[in-house]
Amino acid sequence: MKNKIYSLGAVVLDHVISVEEIPKKPVKMKGRQYIKRLGGPGAVASVVVASLGFNSFFIGRFGRDSDSLFLKNTLFKLKVNLKHSLRYNSPDLHTALVIQDQKGERLVVSQKPKFFDSMIPNFKKINFTGTFLADLTWLNGAYQLCRKTKQFKGNLIVDADLFEINNKSKYIIENANYVIFSKIGLIHFSRIKSISKALEKLYKKYKKNFTVTNGSKGVYWIDKGKIHNIKPLKIRAIETNGAGDVFHGAFACAIEKKFSIKDALQYASVVASLKCTKTGGIYNLPTLKEINSKLKKNYVS
């Protein structure tokens, strides 16, 4: 039987517009291409999990409008199970405008309905001893999940990008098994601009490992007070949008397979790097053959 991995968080309708170059000042400009597609940290990570051969369950929020149906159908076609997701009657939807240039860089503006934050996840018939991934866009959901995984000794991986700092998010940071910050999320939470100093501060306070992704400079993590770094593959980036979500999904797969933290981060880094060499988002993810060809051993099969 395939291993199960649960992903909780955002599913987003991305409106992606390609341009020659992202302007430094507000201007009127023409786009090269427009695509509507599925996005969102939790949803994309769940697709990655399925693509790597695991039973993938997504715990998210969907309306009953045509856009929500598009998102649900996309996930269904990509073999993601939605039986634990919520349905609501409002036509409001989590959406994002993604401006993407020819170098693979992007500018993202997202909007989330206010009532999303108060929604309670559906955890019926879930065994919390497995591997779970949560992004903090659904803070209340992540908080409830963290309490469950702590109670039943499951593995919780947290995608800590920009998020509200309050008692719930602090509880999650303190009790999750693995916290992976983006650089901006680490600065936001620690209020320190230096990655090394921020990691040292958090390690001193919480006495646990923390990780931060920093784009082309790679992944940093602190283990027993010592900071380590894994450089990404040397690639020509074509599309970086969603690379972090791919990283988190791949990391969850590695943790479910009982990798060491170093091997799990190495594996996730390779998968995310390869994703950046491709266009098409979730429809063109790295294959196991491509991933294993870049590694010294076959980590996941």
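This is a predicted model: local features need pLDDT of at least 70, side-chain atom pairs count only at pLDDT 80 or more; totals for chains, interfaces and linings use all residues.
Arginine 32 and glutamate 20 are both exposed.

Arginine 32 and glutamate 20 form a salt bridge, with 2.5 Å between the closest N and O atoms. Both residues sit in the loop between β2, residues 12–18, and β3, residues 33–39, and they are 12 residues apart. In general, side chains of opposite charge can pair when their charged atoms come close. The structure holds 6 salt bridges, and I will go through two others.

The next one joins aspartate 67 to lysine 36, where the closest N and O atoms are 3.7 Å apart. This pair links distant parts of the chain: aspartate 67 belongs to helix α2, residues 66–77, while lysine 36 is in strand β3, 31 residues away. Aspartate 67 has a relative accessible area of 26%, so it counts as partly exposed. Lysine 36 is also partly exposed, at 35%.

Now glutamate 239 and lysine 275. Their closest N and O atoms are 3.2 Å apart, and they form a salt bridge. Glutamate 239 lies in the loop between β15 and α7, lysine 275 lies in helix α8, residues 261–275, and 36 residues separate them. Are these two buried or exposed? Glutamate 239 is buried because its relative accessibility is 2%, under the 20% cut-off. Lysine 275 is buried as well, at 3%. The pair is part of a network of salt bridges that links Arg37, Glu239 and Lys275.

On to the sheet. It is open, with 9 strands in the order β6-β4-β1-β10-β11-β12-β13-β14-β15, and the pairing is mixed. Which strands are at the edges? They are β6, residues 80–81, and β15, residues 226–230, each of which pairs on one side only.

Inside that order, strands β10, residues 131–135, and β11, residues 155–160, run parallel and are joined by 5 bridges. Threonine 131 is opposite asparagine 155 of β11. Helix α3, residues 139–152, packs on the sheet and touches β1, β10 and β11. The direction of helix α3 makes about 155 degrees with that of β10.

Last, the surface. Leu97, Leu107 and Val109 make a nonpolar patch of about 250 Å². Of these, leucine 107 is in strand β9, residues 106–111. Its relative accessible area is 44%, so leucine 107 is partly exposed.

Key:
Residues are numbered from 1 along each chain as its sequence is written. Side-chain values use heavy atoms; hydrogens and water are left out. Two strands pair if DSSP finds at least two bridges between them. Helices (H or I, at least four residues) and strands (E, at least two) are DSSP runs, numbered from the N terminus. Contact means heavy atoms within 4.5 Å. Axes are lines fitted to C-alpha atoms, for helices over the stretch in contact, and angles run from 0 to 180 degrees between N-to-C directions. Patches are made of residues with over 30% relative accessible area and no salt bridge: like charges are joined within 9 Å, nonpolar side chains (Val, Leu, Ile, Met, Phe, Trp, Tyr) within 5 Å. Accessible areas come from the Shrake-Rupley method with a 1.4 Å probe; for residues, only the protein chains shown count as cover. A salt bridge is a side-chain nitrogen of Lys or Arg within 4 Å of a carboxyl oxygen of Asp or Glu. Buried means under 20% relative accessible area, exposed over 50%, partly exposed in between (1.4 Å probe, protein chains only).
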